[in-house]
Amino acid sequence: RTDSAFQYNRLAGLEYNLASASNVWTGKAYYHYSIDPNNPDSTFSYGSRLQYNVYNYTISVDHQLIGNNFNAEVGFVPRTGFQRLNPRVAVNFYPSSRILNRHGPNLDSEFLWDSEGKQTDYKHELGYELSFMDQSNINASVNQRFVFLKDDFDPTRSDEGTPLPAGSSYTYNFFDIRFRSDQRKRVTVSANGTAGQFFNGSRLGLGGNVNYRFQPFGNIGIDVQYNSVKLPEPYSSADLVLIGPRVDVTFTKKIYLTGLFQYNNQVDNFSTNIRFQWRYKPVSDLYIVYTDNYYASNFNAKNRSLVFKLTYWLNM
């Protein structure tokens with residue numbers, strides 16, 4: 001920071017966890033307050049979650065409120081100045097079957113407002129889940145989303161087309177289906193597909209993940225996503241591809257290494273993220289993280305960083 005000779009950022013907070021004796025009621029709440037040299041207002045972050053869970057159904061609600069100037073420099077806050085409400089309900093049926101463990105509908109909604117109380121987003125997702133005896137599952141859903149653009153925005157993030165204008169709003173509907181195989185197996189697979197409206201156009205999305213667990217040393221996997229976005233003229237259309245191999249290695253019970261590599265044609269980027277972790281005490285870790293980004297077209301470097309982070313659990 002350059003606005004004060006005393007450069008610092010401090011964060012204070014309280015957290016509360018709830019669990020009833022029967023675990024029917026569970027939840028948590030937190031309040032964080034950031035302190036900076038210039039002492040701005042609205043430097044708080046609040047969030048809570050409450051869940052009611054019984055045999056046939058689950059009801060939960062999340063609430064979050066983050067001030068315009070909340071600043072947690074030791075963490076990661078992708079967005080400030082908003083309020084979020086997320087109610088969910090799921091109903092479960094347990095048939096007498098050797099194949100199907102449970103099934104039932106679920107409804108997930110989310111509402112977002114800016115700091116002035118104007119609604120900027122909402123979503124409604126009505127789905128049906130099938131959970132099988134081998135721990136695999138399928139979830140199919142119909143979705144509706146609303147987005148209000150406070151700034152010009154190009155959904156394809158290209159440099160050639162005309163962005164959707166600030167102040168415009170879009171309500172669109174689409175269908176989504178997801179499959180996940182038995183996560184206990186050495187080889188696991190997941191797949192997803194999306195089709196329907198997208199802003200003022202359409203989108204077809206396909207993706208999947210394959211992971212192999214070589215016990216007791218770690219995992220290796222790859223994630224692939226493809227999206228075909230079609231918008232009317234003069235707006236951009238694009239075919240977007242993301243490929244992300246990942247390697248997790250466990251050297252000992254205390255030393256780990258994770259490598260994440262990603263190719264993204266949307267922003268012409270190839271990135272590397274390598275994280276070393278040493279758990280020298282319970283809940284106390286040393287992290288060393290190396291990150292770099294290259295232009296995928298010519299492999300010229302965009303940026304590089306090396307970060308050290310030390311955490312220590314103080315049990316009082």
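Is D182 buried or exposed in this structure? With a relative accessible area of 6%, D182 is buried, where buried means under 20% relative accessible area, exposed means over 50%, and partly exposed covers what lies in between, using a 1.4 Å probe and protein chains only.

Before I go on, a word about what we are looking at. This is a predicted model, in which local features need pLDDT of at least 70 and side-chain atom pairs count only at pLDDT 80 or more, while totals for chains, interfaces and linings use all residues. Residues are numbered from 1 along each chain as its sequence is written, and side-chain values use heavy atoms, with hydrogens and water left out.

Let me stay with D182 and turn to salt bridges. The side chain of D182 meets that of R184 in a salt bridge, at 3.0 Å from N to O, and by a salt bridge I mean a side-chain nitrogen of Lys or Arg within 4 Å of a carboxyl oxygen of Asp or Glu. Side chains of opposite charge can pair when their charged atoms come close.

How many salt bridges are found in a search of the whole structure? The search finds 10 salt bridges, and I will show some of them. D176 pairs with R178, their closest N and O atoms being 3.0 Å apart; here D176 is buried at 8% relative accessible area, and R178 is partly exposed at 45%. R279 pairs with D285, with the closest N and O atoms 2.9 Å apart; R279 counts as partly exposed at 33% relative accessibility, and D285 counts as buried at 3%. There is also a network of salt bridges that links R49, D62 and R88.

D285 leads us on to L310, because contact, which means heavy atoms within 4.5 Å, joins the two: L310 touches Y280, D285 and L286, leaving aside residues up to four places away in sequence. At 61% relative accessibility, L310 counts as exposed. From C-alpha to C-alpha, L310 and Y287 are 6.3 Å apart in space, although 23 residues separate them in sequence.

Which residues make the nonpolar surface patch of about 750 Å²? They are F179, V187, V189, V210, Y212, I220, I222, V224, I243 and Y263. Patches are made of residues with over 30% relative accessible area and no salt bridge, like charges being joined within 9 Å and nonpolar side chains (Val, Leu, Ile, Met, Phe, Trp, Tyr) within 5 Å, and the accessible areas come from the Shrake-Rupley method with a 1.4 Å probe, only the protein chains shown counting as cover for residues. The elements that give two or more residues to this nonpolar patch are β10 (187-198), β11 (201-214) and β12, and β12 provides the largest share, three residues. One of the patch residues, I243, is found in strand β13 and is partly exposed, with a relative accessible area of 30%.

Next, please look at the loops around these strands. In the loop between β11 and β12 we find P216, and the peptide bond from Q215 to P216 is cis, with omega near -5 degrees. P234 lies in the loop between β12 and β13, and the peptide bond from E233 to P234 is likewise cis, with omega near 10 degrees. S236 is in the loop between β12 (218-230) and β13 (238-250), and S236 is buried, with a relative accessible area of 7%. Not counting residues up to four places away in sequence, S236 touches D154, T156, S158, E160, G161, T162 and L231.

Finally, which positive value does the phi of F199 have, in a residue other than glycine? Phi of F199 is near 50 degrees; F199 sits in the loop between β10 and β11 and is buried, with a relative accessible area of 11%. S42, which is not a glycine either, has a positive phi of about 55 degrees. S42 lies in the loop between β2 (25-35) and β3 (44-53), and with a relative accessible area of 30% S42 is partly exposed.

Definitions and conventions:
Helix = DSSP H or I, 4+ residues; strand = E, 2+ residues; numbered from the N terminus.
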